[in-house]
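Please open the model in a viewer and keep the selection panel at hand. The stops below proceed from the whole chain to individual residues.

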Amino acid sequence: PETYGRVKVPLEAFERLRKKSGPAQISAPKVLEDKKAWPKAAEWPDALASSAVYQEIVIDGHKIRVVRPSDQDMRGKILPTIEQLAAALRAVPADQRKYTTTALVRLQGKGGVLGLGGSGEIEIFPLDSSTNAKEKEQYATSPQAYFDNLVTHECAHNYQAIFWNDAGGVKEWEEFAKNDRIPPSIYARENGGEDFCEFMVL
């Protein structure tokens, strides 16, 4: 188990998973200047800081809508390129990936939060080395492995909503997690949901 922060799976493990996935088709970027023209699922919380760029990633027939900052505004931020995001999504098993339909790459941080997932959506925030030193080390070693771990974890939140279809399932998992003497990571101790997602990364 990881003794600090989140689970950190090496790049080689994700490369094996990518071999089970088809190639990613990435649409050309489109700047969304008019909010009325945005796809229904594409909301952009950072509109005041950057223009919104919309793209679609299609993997094995499954489409994921992506809204991200412009390339210029992303400079200097530890955020995935569209190619890194597509590669990370390819490493998510297809039966889990299908529950994620939207990805937001956020320009503005959220107090040390690396990502969020739920309701079919994932959000990726900039990596702040001042609050996430260990994750910065992982990124320095392998940027793709860092994003693979993060995207797999956040997509697992969407899978979790399907996996736990009633309160009983949540309670049962949390009971097992509480009695687990060797959790997947320290972060898994946060709650049952994070334990589930860290387990799915493993």
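What percentage of the 202 residues in the protein chain is buried? In this predicted model, buried residues make up 49% of the chain.

**The whole chain**

Of the contacts in the chain with a separation of 6 or more, 65% are between residues 24 or more positions apart.

Next, select β3, residues 52-59. Six of its eight residues are buried, so the strand is largely enclosed by the rest of the structure.

- Strand β1, residues 24-26, runs antiparallel to β3 and is joined to it by three bridges. Display Ala 24 here, which stands opposite Ile 59 of β3.
- Strand β2, residues 30-32, is likewise antiparallel to β3, with three bridges between them. The bridge partner of Leu 32 is Ala 52 in β3.
- Strand β4, residues 62-68, is antiparallel to β3 and joined to it by seven bridges. Val 58 stands opposite Lys 63 in β4.

Then move to the turn between β3 and β4, a hairpin with two residues between the strands. Asp 60 in this hairpin takes a positive phi near 50°.

**The largest nonpolar core**

Now select Ile 57, Leu 85, Leu 89 and Val 151, the residues with the most contacts inside the largest nonpolar core, a group of 24 residues. The elements that give two or more residues to this core are the strands β3, β4, β5 (102-105) and β7 (121-124), together with the helices α3 (82-90) and α6 (143-163).

Centre the view on Val 151. Which residues is Val 151 in contact with, leaving aside its neighbours within four places in sequence? The list consists of Leu 85, Ala 88, Leu 89, Val 92, Ile 122 and Ile 124.

A second, separate core has seven residues. To locate this second core, select Tyr 159, Trp 164, Trp 173 and Phe 196, which are among its members.

**Gln 160 in helix α6**

Return to helix α6 and select Gln 160. Is Gln 160 buried or exposed? With a relative accessible area of 14%, Gln 160 is buried. Apart from neighbours within four places in sequence, Gln 160 is in contact with Gly 193, Phe 196 and Cys 197.

**The cysteines**

The last of these contacts leads to the final stop. Select Cys 197 and Cys 155, and display their sulfur atoms. Each cysteine has a relative accessibility of 0%, so Cys 155 counts as buried and so does Cys 197. The search from Cys 197 leads back to Cys 155 at 9.6 Å. With a cut-off of 2.5 Å between cysteine sulfur atoms, the count of disulfides comes to zero.

Terms used: Residues are numbered from 1 along each chain as its sequence is written. This is a predicted model: local features need pLDDT of at least 70, side-chain atom pairs count only at pLDDT 80 or more; totals for chains, interfaces and linings use all residues. Side-chain values use heavy atoms; hydrogens and water are left out. Buried means under 20% relative accessible area, exposed over 50%, partly exposed in between (1.4 Å probe, protein chains only). Contact means heavy atoms within 4.5 Å. A nonpolar core is a set of buried Ala, Val, Leu, Ile, Met, Phe, Trp, Tyr and Cys residues joined through side-chain atoms within 4.5 Å. Helices (H or I, at least four residues) and strands (E, at least two) are DSSP runs, numbered from the N terminus. Two strands pair if DSSP finds at least two bridges between them.
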